[in-house]
Amino acid sequence: MLALNHTLVGAAIGSQIDNIPAVIGLAVVSHFVLDFLPHVDQGSEFSREELKPTFKYFLAAIDIFASFLIIILILMARPGLNSIPVITGAITGLLIDLIFNVPFWESWVKKVRPLSYIYYFHNKIQEPLKKYQYSIGIPLQLIIIFTSIWFLIK
Ligand SMILES: [Zn+2]
């Protein structure tokens, strides 16, 4: 799923809970739950083809940059929010993709146990509901984005 979804859900979790270990645990669990849901992201197949790797990573960089920019803007606009759990939730919500989807060390984590098990689990959970990526996925991703922002600014 988009970094925007992962970071906003993690940030929303951090906005509701002050306990850092709990924020980290829930944000990591939220990553797998979100990836299981139907979704469209840089790794999706568009008209039966994946995007070219360089373009895919360029979009991912914009996605990550925009995600943290939005969260920083929300934190600036809402000084009452506790920024440490919010930022912790945002980073750990995305952490699984940073560990398993970055080309520099992807081939290494694929091979080293127990990381390799998580790598394959992370890939497998994205498959079952893939056929609903457009019909359910896109509206669902928008709902997740707006609900998370609502939790952060309410
Ligand atoms: Zn993921």
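Let me start with what I mean by a helix: helices are DSSP runs of H or I with at least four residues, numbered from the N terminus, while strands are E runs of at least two. By that rule, serine 148 lies in helix 7.

Before I go on, two caveats. This is a predicted model, where local features need pLDDT of at least 70 and side-chain atom pairs count only at pLDDT 80 or more, while totals for chains, interfaces and linings use all residues. Residues are numbered from 1 along each chain as its sequence is written.

OK, back to serine 148. Is it buried or exposed? I call a residue buried if 20 or more other C-beta atoms, placed from the backbone, lie within 10 Å of its own, exposed if 12 or fewer, and partly exposed in between. Serine 148 has 25 other C-beta atoms within 10 Å, so it is buried. And which residues does it touch, not counting residues up to four places away in sequence? Contact here has a simple rule: the two C-beta atoms, placed from the backbone, lie within 7 Å. On that basis serine 148 touches Leu8, Val9, Ala11 and Ala12.

Two packed helices are described by the angle between their axes and the distance between the axes. Axes are lines fitted to C-alpha atoms, for helices over the stretch in contact, and angles run from 0 to 180 degrees between N-to-C directions. For helix 1 and helix 7 the angle is about 30 degrees, with the axes 9 Å apart. Angles under 35 degrees count as roughly parallel, over 145 as roughly antiparallel, 65 to 115 as roughly perpendicular, and the rest as oblique. So helix 1 and helix 7 are roughly parallel to each other.

The crossing of these two is left-handed, and that term applies if the near helix is turned anticlockwise from the far one by less than a right angle, with clockwise giving right-handed. Helix 1 brings Leu4, Asn5, Leu8, Val9, Ala11, Ala12, Ser15 and Gln16 to the contact, and helix 7 brings Gln141, Ile144, Ile145, Ser148, Ile149, Phe151 and Leu152. Those residues divide into ten nonpolar, five polar and no charged. For the classes, Ala, Val, Leu, Ile, Met, Phe, Trp, Tyr, Cys and Pro count as nonpolar, Asp, Glu, Lys and Arg as charged, and the others, Gly among them, as polar.

Now helix 1 against helix 3. Helix 1 is residues 3-16 and helix 3 is residues 53-77, and they pack at an angle of about 25 degrees with their axes 8 Å apart. That makes helix 1 roughly parallel to helix 3, and the crossing is right-handed. The contact includes Leu4, Thr7 and Leu8 of helix 1, and Asp63, Ile64 and Phe68 of helix 3. By class, it has nine nonpolar, two polar and one charged residues.

Leaving out residues up to four places away in sequence, leucine 4 touches Asp63, Ala66, Ser67 and Ile145.

Valine 9, leaving aside its neighbours within four places in sequence, is in contact with Ser30, Leu34, Gly93, Ile144 and Ser148.

Last stop, helix 5 and helix 6. Their axes come within 6 Å and cross at roughly 110 degrees, which makes helix 5 roughly perpendicular to helix 6. Val109, Lys110 and Lys111 in helix 5 meet Leu115, Ser116 and Tyr119 in helix 6. Proline 114 is in the loop between helix 5 (103-111) and helix 6 (115-124). A cis peptide bond joins arginine 113 to proline 114, with omega about 5 degrees.
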